[in-house]
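Trainee: I should like to learn how to read this structure. May we begin with its sheets?

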Amino acid sequence: MRGRSPALALAVLAAACSRPPALEPRGDDPPPAPGASAEVDALRALGYLAVAEAEADPSLVGAIVHDPTAVAPGYNLYATRVRCAATLIDNQGVEWRRWQVPDCRGWDHVELLADGDLIAAVIERPRPGLRTGAPARSLVRLTWDGAVRWRVPLAAHHDAIGLPDETLVALVNRERLFPPLNARVPVLDDELALLEADGRVRETSSLGELLLANQLGFRLQRVRPESRARRATIDLLHANALELLAAPPSGQEAPVYAAGQLLVTLRHQDSLVVVDPRARRLVWAWGQGILSGPHDGTQLADGRFLVFDNGLGRGRSRVLELDPVRREIVWEYPGAGGLAFFTRSHGAAQRLANGNTLIVSSDEAHAFEVTRDGRLVWEFWGPLAEGQTRRATLNRMRRYPPALIERWLGDGGGGPPAQITR
C-alpha cells in the first residue's frame, strides 16, 4: 500500500488541532460514528484534492493494456476537477472527444445521457452576467458536439443522472437549520432536485428531512461542524452518488427493489441508502460501522450493490459487492492479495459487461480494471495538471459499450483527436 504522505499527515494534524472550541459538539448532538476519531473527522473536513500529492512518474502516462484478451471493450469517460474537462478515450488511451466550458473553476462527475448529451456539475469562476447571490455552482448540459445546450445557476454537486422520461435528478446543497440536531449551527443539507429536460427545476426534496423522519430506526451519526467562509457549518450527509434502481431478475422481489427508488451514497454517514423520492421515505440503509467515507454506490444487473469504500479510518480503500436483501458482503477487492490503494476523496467502481471491475483511486489519478479473481488487466494514469509535475486528480471513470459510442461518433463523423471547446 502506498503510504500516507507527510503533507497529508500534517494537513490532518492541523485540521484536527485548529478546530475552534466553539464548534465542539453539545450534549444533545447525535452520537458519533462508530469508531470515529479526531483523524477521521479531520480527513472528512479536508477539501477535495485537485492535484495528486505525489510527483508523477513520467514512465506512467495514459493507458496500459496488460491483457488484451481479458479487458472489457468500450470507451472510457473521465473528468478531472482542475482541468474543467471531460475526456473520452478508448482502451489504448486514444482520445476521441473532449468537452469543456468557459469560465470554469472545476468539474465534478460527468455523465453521458441517453441521447449523447453530457451533463456536468460545474464549480463556477466569477464571470459577467452571473447574478448577485446566485450559487457558485451550476449544472451544465452539452451536446455530443460540445455546444452548451443550457447552463443553470444551481448549487449542484457531485452527481446528476438522467431518468427514462428525460427528466434529470441532481444533488443540490442548501443551508438550513435542523434544531433536532443542532439549534445553532446550520446544516449543509443535500436535496434531490428534479429538473425538466430543459434545465428548469420542477421540485426539490430534502434528504436531511427524509432521514430525520425515517421509520427504520436509522440514526444519523454526529458530524463535527467545520468552518466555511468564517462561519460554522455541518456537512451532515455529503451525498455523492445517485443511481435509479432497476427491477432485479425475477424471484428477487424485496422492498429495496421497488420501481422509481434511488440508491444514494452518503460519505459522512458511512452509508448506502435507498429512498423513495415520491413518498419521501427511507426504504433501506446499510454501512454504518462497516464503511468509512464511501463513494459511488451502484446497482448490478443481478440486483447486488457495488460501493467504493474509501477507508478513512483504515488508511486503505477497497471495493465491496453487497447482497442488499441478506446484507452480506459477497466480494471484496483487494482480497487476500491485489493492488493496494487509498484515496481520501472521491473514488469509483463500475462492474463491466464481462464481469471485470473498473476502479478509480481518485487522489492518485489512477484507474485500473481487475478480473473477478483480482488479476490486473488494464490501467490508466491521469494527465498532469497544467504547468505542474503532478497529476490532475480523477473524479470518476465510466466505460461505455463500443456500439453506443460508435453510433454517436458515426453521427458526428470524424476520428481522433476531436477536441470540443465552446
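**Reading a sheet and its confidence**

Mentor: In this predicted model, the strands β6-β7-β8-β9 form, in that order, an open sheet of 4 strands with antiparallel pairing. Its edge strands, each pairing on one side only, are β6 (104–112) and β9 (148–153). On average, neighbouring strands of this sheet are turned by 20° against each other, direction ignored; the axes are lines fitted to C-alpha atoms, and angles run from 0 to 180 degrees between N-to-C directions.

Trainee: How many bridges join strand β7 to strand β8?

Mentor: Strands of a sheet pair through backbone hydrogen bonds, either parallel or antiparallel. Two strands pair if DSSP finds at least two bridges between them; strands are DSSP runs (E, at least two residues) and helices are runs of H or I (at least four), numbered from the N terminus. Here 6 bridges join β7 (residues 118–124) to the antiparallel β8 (residues 137–142). Ala121 faces Leu139 in β8.

Trainee: How many helices and strands are in the protein chain?

Mentor: The protein chain has 4 helices and 30 strands.

Trainee: Over which residues is the pLDDT below 50?

Mentor: Where pLDDT (the predictor's confidence in each residue, from 0 to 100) is low, the predicted coordinates should not be read in detail. The chain has a mean pLDDT of 86, and 84% of its residues reach 70 or more. Residues 1–35 have pLDDT below 50, and residues 417–422 stay under 50.

Mentor: Residues are numbered from 1 along each chain as its sequence is written. Local features need pLDDT of at least 70, side-chain atom pairs count only at pLDDT 80 or more, and totals for chains, interfaces and linings use all residues, while side-chain values use heavy atoms, leaving out hydrogens and water.

Conventions. Contact = heavy atoms within 4.5 Å.
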